[in-house]
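Here is a short report for a reader meeting this structure for the first time. Keep the sequence and the 3D view open while reading.

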Amino acid sequence: MLFTSREFFVLYAVTFLLYYLPPLRRIQVGILIVASLSFYAWSDPALLLLLIGSIAINSLASYMVAFNRERRARIAWATAGILLNLGILVLFKYGALVTNLFLQSFGVAATPTEGLAYLLLHMPLPIGISFYTFEGISLVVDTLRQEHDAELGKSRHGWDVDRNFLKHVANTSFFVAFFPHLIAGPVLKAKSFFPQIKPKALGEINWDLTLRSLLIGYFLKVFVADNLQDYTFWLTYPYYQTQGTITNLVLLYGYSIQIFADFAGYSLIAIGLAAGLGYELMQNFNFPYISRSLAEFWRRWHISLSTWLRDYLYIPLGGNRKGEPRTYLNLLIVMTLGGLWHGSTWSYAIWGVFHGLGLGVERFFKLDRVSEGAVAGSWLRRWLVDGLRVVAIFGFVTVGWVFFKLPDFGQALDFFATLPANLTQAPALLRIVPVILYSIPVLLYHLPHYPTILEGGLEPLARHSRVFWRAGQYAVYGLMLTLLALNPGSSEAFIYFQF
Amino acid sequence: MRMRAGIQGLLLTLASFVGLLALYQGLIWGGVLPASGGMTQWEENVIRSERYVYDGVTGAPVVLTGSSLMANVMGHSDWDTAVDLGMNGGTSQSGLEILRHSAHTPGVVVVELNDTISRPLDGKLLEGIFGPGIYQLRNAFSMFRTEYRPLSVLVRILATYDNDPNAAPADDTRPRLTARDQQRRERAVARAYPTMMQPLSAAEETEIRRSAVAIQQQITDLEAQGWRVLLTDLPRDSKLATTTREQQVRALLQELFPSDRYRWLPEPPARDWATRDGSHLVRADARDVAAFLREQIAVTMASAE
């Protein structure tokens, strides 16, 4: 069920009305669980069993970790929970990749038509699996860490596993399946979500956050991303082979804008939907395309995933505490696995290695420190230097997106080979001009956060003419609604649904 | 307090929204904003369909339905009075379905029949035109039609900025096939030839038969509404005309639409029909086919009367 579909609007409206009815206040969480399971089951009811199974595993594992007195038993339960979550993810997401590798290693040429190998090669990819398995792992690990810290006399982290097992199952079900974030994140952490679980009243809604997030989210998704996809379609094989270099580069730039608008739009919609129900989800994007270093980019892009990887992979591997060579290795491992998380083809792994190497080189030359503090000198000099950095990082990231657009590694290489070969071909203006026009909102969205402007501050401007500033804001919102109504793109699934 | 501020903001935003919509519609009604022809193949399909459905045609029209092959032929012709419902990436079924749902005066409909009929009906296009509420909204307010999408209109304005609307059209002295066109043609034909020499698979033939049944029903319904239905195929590249697949599809369609029940237009004369990609005729040949169709439709309808 897409956030842009009629069925979803009906589901949310009905859920919202029931949720805030005073007589039903005590079962608010139950209402959301039912709505969330209905939302998930809409596309494939059979895969609901897998989600329920994942909830059961994580409920039991985290409960046993929380209420087992023996440290070794707690670790055993946590290990079991983590391995089961990873097992589900590996089976459904990487089963085909591993099976193909196995078959190739043993020189099996024919594609199996029955048996275990056939089953593994044709496993369905349950929607949202990459997200809810990671959340399950974070629940189990956070519970374990909390219990260990409590044992050492440290204060608890502000949340507790409920002693009533059924209540804990309900809370875990809600945490994992809450429909705004179920399919494509943000990847939630138990310690930030569990304390929020309590009855909510209509008067508590943060209307400004709710409406603003929904409007900007739908605008980025429906107006920017859905329209751009009609043009970035021409980046697929074999169409790019007959297009000029300039056309291909502009379309690649357009894809960079599209993937941001699609994913950031989705995240904002999720934040707005959750806020309307009284729950705060973490910010997932922080204007990533004005990053002045790759390290900064990864602090601004898909924040929930990058912090998950930091907290549950990078730091346990040693982080930057085991010397420089080990730090570079850890970066490479984390980014490669992060790439593979996105998909089970080698292109995604290569994308991860690409970013891992980039982070390593940046760290080696201390270029990751450039984000700290303003550049010295005149405003113009600062503006230019920041501009060059922003363009360089944007260019690097955009090159990496080729592996997302063309997950077949051979096609990705072929695309790069086509660029110098088609230099003399005339640009296709009918494709280039719309891409530039549709990307303007994303550029304007980032502009106030451009480092030199941000450091100069927009507040003096706002202070001088508060009335006009607010009027201008609502005029812009009105314009966004107008463009949504008059110029929507073709409604398609969000790009990150496939992960 | 939060709720009040939120509702205030919402109302101001809605006021701005309604004001902008009113302004945009006013500019369209006032003739200030030009309609666009579409920036993508999908937009072109929708715009041509919407123009027929919402604007209609005076008198009994000639409507041509089909795929991008038909759209290509009609796009290069100067046959202004005919209605082109050739769907880029689509099939005759979509055009026929549009006619079935519209309440316009029936005329003559030409149905393109070839292997493209196995493509699915474009449900999204039909829902976008005839969906509940959408039809009435777009009929009443043209700003909601695809031809008035703001960015498409903007691109149209930019594209025609320097053009003098009073200037006489330039003489079309372009050659039929440039050397580059010929190279592209050779490459496209070489790429397509191995596939075209393969016979249809059982699944492909089943799909064509299934689609044919649906089209037969559509034709029956349209004839009941008063439409006169003519069938045709369009010439492909002459270098692929005698391939196994091409001949098999033609024979199959003749079997599914026999001439004792359906009226087929005569085929265009055999000659070196050139395409730019193995399927779509080059400009000059497309114009010739359009002229031939026009002439044959007139002759066929005259002899029927």
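## Two domains in chain A

The centres of domain 1 and domain 2 of chain A, taken over C-alpha atoms, are 30 Å apart. Domain 1 of chain A spans 6–204, and domain 2 of chain A spans 207–292 + 422–498. Such bounds come from an automatic or database domain assignment. Where they touch, domain 1 of chain A supplies 29 residues and domain 2 of chain A supplies 19 residues. Contact here means heavy atoms within 4.5 Å.

## Model and conventions

This is a predicted model: local features need pLDDT of at least 70, side-chain atom pairs count only at pLDDT 80 or more, and totals for chains, interfaces and linings use all residues. Residues are numbered from 1 along each chain as its sequence is written, chains are lettered from A and ligands numbered from 1 in the order in which they are written, and side-chain values use heavy atoms, with hydrogens and water left out.

The pLDDT is the predictor's confidence in each residue, from 0 to 100. Chain A has a mean pLDDT of 87. In chain A, 91% of the residues reach 70 or more. Among the elements of chain A, helix 11 (residues 245–276) has the highest mean pLDDT, 96. Helix 21 (residues 459–464) of chain A has the lowest, 51. Helices (H or I, at least four residues) and strands (E, at least two) are DSSP runs, numbered from the N terminus.

## Between the domains

The size of an interface is often given as the accessible area lost when the parts come together. Buried area is the accessible area (1.4 Å probe) that two parts lose on being put together, summed over both. For domain 1 and domain 2 of chain A this area is about 2000 Å², with 68% from carbon and sulfur atoms.

A salt bridge is a side-chain nitrogen of Lys or Arg within 4 Å of a carboxyl oxygen of Asp or Glu. There are 8 residue pairs in polar contact between domain 1 and domain 2 of chain A, both residues at pLDDT 80 or more. A polar contact is a pair of N or O atoms within 3.5 Å; within protein, one must be able to donate a hydrogen and the other to accept it, and residues adjacent in sequence count only if both atoms are side-chain atoms. On the domain 1 side, helix 1 (6–19), helix 2 (28–41) and helix 8 (179–182) of chain A each give two or more residues. Helix 1 of chain A gives the most to that side, with 5 residues.

## Between chains A and B

Contact joins 32 residues of chain A to 27 residues of chain B. The two chains bury about 2500 Å² between them, 68% of it on carbon and sulfur atoms.

Chain A and chain B share 1 salt bridge. The side chains of A:R6 and B:E127 meet in a salt bridge at 2.8 Å, N to O. Helix 10 (207–232), helix 19 (429–446) and helix 22 (466–486) of chain A each supply at least two residues to the side that touches chain B. Helix 22 of chain A gives the most there, with 10 residues.

## Backbone details

Most residues other than glycine have a negative phi, and most peptide bonds are trans. A cis peptide bond joins A:G185 and A:P186, with omega about 5 degrees. The bond from A:Y237 to A:P238 is also cis, with omega near 0 degrees. A:F287 has a positive phi, near 50 degrees.
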